Amino acid sequence: MTDTHSPTDAQSSEEKRKLARRTVLAAGSAAVTAVGVGSAFAASDGATAAASGARTEASPSASEGACYTLTSELVEGPYYIDADKLRQDVTEDQAGIPLHLTLKVIDAETCRPLRNAAVDIWHCNASGVYSGYESSGSGGGSGGTPPTGAPTGTPTGPPPGGGGGHQEPTDDTRYLRGTWHTDRHGHVTFRTVFPGWYRGRCVHIHVKVHVDGEWTDAGYEGGHTCHTGQLFFDEKSVLLSAEVEPYASNTTTRTTLDEDTIYPDNGHEGGLLHLGYDRHHIARGVRAHLTLGVEPDETNNG
């Protein structure tokens with residue numbers, strides 16, 4: 001193919017040298033971005049994917065690390081507890097499908113990773129119950145035995161666990177909650193279980209990012225919250241999880257991703273996780289990852 005944009009014979013050697021340098025720099029920048037986004041999972045997931053042809057593996061897309069793309073700010077929900085549980089493994093004694101969650105936090109304007117940011121996650125267990133609020137039952141609904149059969153009547157007001165204001169904890173349990181710091185590449189990892197569901201909400205994990213604070217023996221102090229969001233799971237993975245105990249025993253009517261009133265329906269920018277798992281044996285575990293583009297100078301408390 002003829003390149004109509006190639007340097008002409010009339011161009012000087014200096015002009016050709018500058019053009020070549022610009023081309024190399026542009027290519028180099030693209031390569032650095034691709035490596036930065038994909039390196040966290042390349043080593044660990046690559047071998048597993050090769051070993052299992054049945055594995056569903058979503059490779060990182062260019063949009064993950066795209067600068068000037070903010071991750072959607074969403075409601076905090078009523079069940080946030082600033083518990084200063086500094087830990088990566090938040091599972092405690094909760095049963096469920098093992099979930100390995102990796103988040104990368106970047107400045108959405110510069111695309112630079114945020115180092116030493118404090119990241120909170122919290123979510124319900126396989127039965128739809130939040131720690132700290134066990135007496136409230138599934139997702140803040142009535143306690144006791146989960147309902148069976150078709151729902152009756154028309155619900156009024158916001159769904160449990162939805163937008164509402166903060167509620168004070170009712171007990172001292174703190175499972176499936178934790179805070180950890182990002183490394184110099186902006187990465188933070190958590191070990192937990194695949195969340196369950198409760199009335200009115202699709203399957204999700206809550207997340208907050210705090211910056212400009214100080215790490216002390218007592219926890220993370222000061223600073224401000226620059227991002228409050230939620231992480232979501234595609235329907236295929238949720239349907240597979242529903243065939244595994246203890247999820248299979250959760251008889252609460254499930255809200256799908258499309259039906260959810262909080263998910264912004266904008267893909268990974270809205271918090272939709274990249275997932276990797278064996279679709280024939282999801283009970284063995286799920287790996288999830290996402291890049292969060294945040295505004296570190298802004299305050300977003302949800």
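Cavities and ring pairs

Author: In this predicted model, the largest cavity is lined by Tyr 80, Ile 81, Asp 82, Ala 83, Asp 84, Lys 85, Asp 120, Ile 121, Trp 122, Arg 177, Gly 178 and Thr 179.

Reader: Which elements give two or more residues to that lining?

Author: Those elements are strand S3 (118-122) and strand S4 (177-181).

Reader: What is the make-up of the lining by class?

Author: The lining of the largest cavity has 5 nonpolar and 5 charged residues, together with 2 polar ones.

Reader: And what volume does the largest cavity have, and how many cavities does the search find?

Author: The volume of the largest cavity is about 70 Å³, and the search of the whole structure finds 2 cavities of 30 Å³ or more.

Reader: Changing topic to the rings, how many aromatic pairs are there?

Author: The count comes to 8 aromatic pairs. In one of them, Tyr 80 and Trp 122, the ring centres are 4.7 Å apart and the planes stand at 50°, so the pair is classed as tilted.

Reader: Where do those two residues lie?

Author: Tyr 80 is in the loop between strand S1 (55-57) and strand S2 (98-107), while Trp 122 is in strand S3, so their pairing ties together parts that are 42 residues apart in sequence.

Reader: Is Tyr 80 buried or exposed, and what about Trp 122?

Author: Tyr 80 is buried, because its relative accessible area is 13%, and Trp 122 also counts as buried, at 2% relative accessibility.

Reader: What sits over the ring of Tyr 80?

Author: The charged end of Lys 208 sits over that ring, 5.1 Å from the centre of the Tyr 80 ring.

Reader: How is the pair of Tyr 130 and Tyr 198 arranged?

Author: The ring centres of Tyr 130 and Tyr 198 are 5.6 Å apart with the planes at 65°, so this pair is edge-to-face. Tyr 130 lies in the loop between S3 and S4 and Tyr 198 in the loop between strand S5 (187-193) and strand S6 (204-216), so the pair ties together parts 68 residues apart in sequence. Tyr 130 is buried, with a relative accessible area of 2%, and Tyr 198 counts as buried at 1%.

Reader: Which cluster do ring pairs form there?

Author: Ring pairs link Tyr 130 and Tyr 198 with Tyr 79 and Tyr 133 into a cluster.

Reader: Last topic, the cysteines: how many disulfides turn up?

Author: The search of the whole structure finds 0 disulfides. Cys 202 is buried, with a relative accessible area of 3%, whereas Cys 111 counts as partly exposed at 22% relative accessibility.

Key:
Residues numbered from 1 in each chain as written. Predicted model: local features only at pLDDT ≥ 70, side-chain atom pairs only at ≥ 80, totals over all residues. Heavy atoms only, no water. 1 Å grid on protein atoms, 1.4 Å probe; cavity = no way out; pocket = protein on both sides within 12 Å on 5 of 7 lines; lining within 4 Å. Points joined across faces, edges and corners; volume = space filled by probe spheres on them. Helix = DSSP H or I, 4+ residues; strand = E, 2+ residues; numbered from the N terminus. Nonpolar A, V, L, I, M, F, W, Y, C, P; charged D, E, K, R; others polar. Disulfide = S-S within 2.5 Å. Buried < 20%, exposed > 50% of the residue type's maximum accessible area, 1.4 Å probe, protein only. Phe/Tyr/Trp six-rings, centres within 6.5 Å; stacked < 30°, edge-to-face > 60°. Lys NZ or Arg CZ within 6 Å of the ring centre and 35° of its normal.
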